[in-house]
Amino acid sequence: MAISKIGRNATDTGISDSSDATAITIDSSERVLMPSQPRLNAIRGSSRLVAADASGTETLVPFVEQTDIGNNFASNTFTCPVDGSYFVSFFGMVINPDSYAFVTIKLNSTSVVAAYEDDAAKTGSNNVACSAIVVASANDTIKAFFGGGATSSKLHEGAYGGISIQLIA
């Protein structure tokens, strides 16, 4: 049986959980399943987000939660439930007819990754995306911000933008 590879013997799996819930399952094909692993998937809200001003001021990006295992997402802020490494990914479509637009992912108040778009040809909508593995402590926060060089810079709504966060280690 595959699970004996984890523990000291066939009856000791080496996996424990203080709540008597199933934290980890190893199926017959040796796939590891972690149904309670903290993760978030959210898409943009129902209206376009307009850049606050022409000086690049950042605005917290509003999202509509799709999946939130652990209930760690509130007020457009993901609060890390435990110390660990989190995979964070943001994608969005920007309309940028007059200037530049950017998205920044922050751990607490420090930028960890950003995406910048400057459509010199002014051709319309363009994608911005960024991802990172973020080492965080319990109660650290992860947020996405949007800004632009003109109030004509906009971040599309709905499934044209979103954020995913998952504890990976």
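Which residue in β15 does alanine 42 stand opposite? I looked, and alanine 42 stands opposite isoleucine 163.

**Ground rules.** I am reading a predicted model, where local features need pLDDT of at least 70, side-chain atom pairs count only at pLDDT 80 or more, and totals for chains, interfaces and linings use all residues. Residues are numbered from 1 along each chain as its sequence is written, and side-chain values use heavy atoms, with hydrogens and water left out.

**Confidence.** I checked pLDDT, the predictor's confidence in each residue, from 0 to 100. The mean for the protein is 86, and 83% of its residues reach 70 or more. I then went through the strands; these are DSSP runs of E with at least two residues, while helices are runs of H or I with at least four, both numbered from the N terminus. Confidence is lowest in strand β2 (residues 32–33), at a mean of 80. It is highest in strand β8 (residues 77–79), at 98. Over residues 1–5 pLDDT stays under 50. For that stretch the model has six contacts beyond four places in sequence, a contact being heavy atoms within 4.5 Å.

**Overall build.** I counted zero helices and 15 strands. Among contacts between residues at least 6 apart in sequence, 72% join residues at least 24 apart. The accessible surface comes to about 8,900 Å², and 50% of it belongs to carbon and sulfur atoms. Areas come from the Shrake-Rupley method with a 1.4 Å probe, and for residues only the protein chains shown count as cover. Buried residues make up 41% of the 169 residues; buried means under 20% relative accessible area, exposed over 50%, and partly exposed in between (1.4 Å probe, protein chains only).

**Around β3.** I followed the pairing of β3, where two strands pair if DSSP finds at least two bridges between them. β3 and β15 pair in the antiparallel sense over five bridges. Six bridges join β3 to strand β6 (residues 63–69), also antiparallel. There, asparagine 41 stands opposite threonine 67.

Of its 31 residues, Tyr86, Phe90, Ile105, Ile142, Phe146 and Ile163 touch the most other members. The elements giving two or more residues to this core include β3 (39–44), β9 (84–95) and β15 (161–167). The largest share, five residues, comes from β12.

Asparagine 96 lies in the loop between β9 and β10. Is asparagine 96 buried or exposed? At 0% relative accessibility, asparagine 96 counts as buried. I also noted that asparagine 96 and glycine 148 are 52 residues apart in sequence and 8.3 Å apart in space, C-alpha to C-alpha. Threonine 141 sits in strand β13 and is buried, with a relative accessible area of 18%. Beyond four places in sequence, threonine 141 touches Thr77, Phe78, Thr79, Lys106, Leu107 and Asn108.

**Cysteines.** I looked for disulfides, pairs of cysteine sulfur atoms within 2.5 Å. The count comes to zero. Cysteine 80 is buried at 0% relative accessible area, and cysteine 130 is buried at 7%.

Terms used. Core = buried A, V, L, I, M, F, W, Y, C linked by side-chain atoms within 4.5 Å.
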